[in-house]
Amino acid sequence: MKKSLAFLLFAVLLAAHVAFAQDANLVQAARKEGSVAWYTSLAIPSSTSIAQAFKTKYTGIDVEVHRTGSQRVLQRVMQEASSGIKNADVIHTSDAGHFVLLKDKGLLLQYTPKGVENFPAGFKDKNGFYFGMRATLSVIAYNPKLLPEKDAPSTWKDLLNSKWSGKEVTAHPGYSGIIMTHVLGLVNLYGWEYFRDLAKNKLHVVQSANDPAGVVASGERPVGVNGAEYFYYKTLKQGNPIKIVYPKEGIPLVVSPVAVAKDAPHPNAAKLFSEFIFSKEVQQLLADKEGLYTGHPEVTYPADKPKLKDLKLLSADPDELEKRNAEIKKRFTEFFGA
């Protein structure tokens, strides 16, 4: 009995020693490469804070943040791949369907960062090519200085009321992966008739899922018919007039993956940055500083944020997102003229 216990202890210590040596080797190899290029749709304040935290922890490795909307990230990756350009190390967008396409095109490296095996199924590709870095919701929001709660919309169908004509703002699925997921979720719930009727209210169309927060807070359009919940939350916490509504009939859950590029010019730095992104410290940072949800089971959330388990969520299948991508862009443009 004592021998078996001693052997078990030895095995555990040996495994820990091997893991430490592997980590040290990865850091050393990453420092030799000197930098990592991150193509991301994460908002600039969030992406730069993660980059700075990485550079502080791993001195000597620079992080080049290339931030734009999800659809433009995908376009850039695809254009560079077709031209034989190898610039991207780590890729992140808000549209899980993008990663189905990139995997099918052979543009992603099969790499599993430590700890993600404990993430929920919806946060990881079963083949190990991409994993959900963050999750947000697409919600309704309004300006409480202009609308009392009793008059504000509380359901998706409330947004169709003609009294909101000229008073609503929407982001665009042709730019934002969050809104791509939002549109699919509501099409599956109500059909395309919902967006046909919504368009009758002459909405102001913006690009990013973060843009409606500023429009609503300024009072330019007092109602946001969609948008990133985390950015509404951040805008609210900065002292702006925002009220977030979580419709009981279902809320689109947007899981946003990260993957290492197959032909990453800095493969070791890319792996190390991926490991860093999924560490408890960064996942907790996303929750604390950005108001995001994550798949990390040990992350805790601000007391004034609803727990995902308490909401009815509309989850999007990445394969369906990819298959219906062109349809969603086309129909949305037909209805909203932009």
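This is a predicted model: local features need pLDDT of at least 70, side-chain atom pairs count only at pLDDT 80 or more; totals for chains, interfaces and linings use all residues.

Student: How far does α3 reach from its first C-alpha to its last?
Tutor: Helix α3 spans residues 70-82, which makes 13 residues. At 1.5 Å a residue, the expected reach is 18 Å. The value in the model is close to this, at 19 Å.

Student: Are α3 and α4 roughly parallel or roughly perpendicular to each other?
Tutor: The axes of α3 and α4 lie 10 Å apart, and the two helices pack at an angle of about 10 degrees. Angles under 35 degrees count as roughly parallel. The relation of α3 and α4 is therefore roughly parallel.

Student: Which residues make the contact of α3 with α4, and how do they divide by class?
Tutor: From α3 come S70, Q71, L74, V77 and M78, while α4 supplies H98, L101 and L102. By class, the contact of α3 with α4 has no charged residues, three polar and five nonpolar.

Student: How many of the residues of α4 are buried?
Tutor: The buried residues of α4 are A96, G97, H98, F99, V100, L101, L102 and K103. They pack against α3, β3, β10 (251-260), α11 (318-323) and α12. Helix α4 is thus mostly covered, and of its nine residues the number buried is eight.

Student: Why does L101 count as buried, and which residues does L101 contact beyond its neighbours in sequence?
Tutor: L101 belongs to helix α4. Its relative accessibility is 18%, so L101 counts as buried, the cut-off being under 20%. Leaving aside neighbours within four places in sequence, the contacts of L101 are L74, M78 and E322.

Student: Is T181 buried or exposed, and what does T181 contact?
Tutor: T181 lies in helix α5. With a relative accessibility of 3%, T181 is buried. Apart from neighbours within four places in sequence, T181 is in contact with S94, P252, L253, V254, A316 and L321.

Student: How are the axes of α5 and α12 oriented to each other?
Tutor: These axes come within 10 Å and cross at roughly 85 degrees. Angles from 65 to 115 degrees count as roughly perpendicular. The orientation of α5 and α12 is therefore roughly perpendicular.

Student: Which residues make the contact of α5 with α12, and how many of them are nonpolar?
Tutor: Helix α5 contributes M180, V183 and L184, and helix α12 contributes N325, I328, K329 and F332. One residue of this contact is polar and one is charged, and the number of nonpolar residues is five.

Student: Is F195 buried or exposed, and which residues does F195 touch?
Tutor: F195 is found in helix α6. Because its relative accessible area is 2%, F195 is buried. Not counting residues up to four places away in sequence, F195 touches H182, V183, L186, V187, F335 and F336.

Student: How far apart are the C-alpha atoms of F195 and L160?
Tutor: Along the chain, F195 and L160 are 35 residues apart. In the model, the separation of their C-alpha atoms is 8.9 Å.

Student: What is the handedness of the crossing of α2 and α10?
Tutor: The axes of α2 (residues 44-57) and α10 (residues 280-290) come within 11 Å and cross at roughly 145 degrees. The contact joins S46, S49, I50 and K57 of α2 to E281, V282, L285, L286 and E290 of α10. It comprises four nonpolar, two polar and three charged residues. The crossing of α2 and α10 is right-handed.

Student: What is the phi of K202, and is K202 buried or exposed?
Tutor: K202 is placed in the loop between α6 (193-199) and β7 (204-205). Most residues other than glycine have a negative phi. K202 is not a glycine, yet its phi is positive, about 55 degrees. With a relative accessible area of 61%, K202 is exposed.

Terms used. Residues are numbered from 1 along each chain as its sequence is written. Side-chain values use heavy atoms; hydrogens and water are left out. Helices (H or I, at least four residues) and strands (E, at least two) are DSSP runs, numbered from the N terminus. The expected span of a helix is 1.5 Å times one less than its number of residues. Axes are lines fitted to C-alpha atoms, for helices over the stretch in contact, and angles run from 0 to 180 degrees between N-to-C directions. A crossing is left-handed if the near helix is turned anticlockwise from the far one by less than a right angle, and right-handed if clockwise. Contact means heavy atoms within 4.5 Å. Ala, Val, Leu, Ile, Met, Phe, Trp, Tyr, Cys and Pro count as nonpolar, Asp, Glu, Lys and Arg as charged, and the others, Gly among them, as polar. Angles under 35 degrees count as roughly parallel, over 145 as roughly antiparallel, 65 to 115 as roughly perpendicular and the rest as oblique. Buried means under 20% relative accessible area, exposed over 50%, partly exposed in between (1.4 Å probe, protein chains only).
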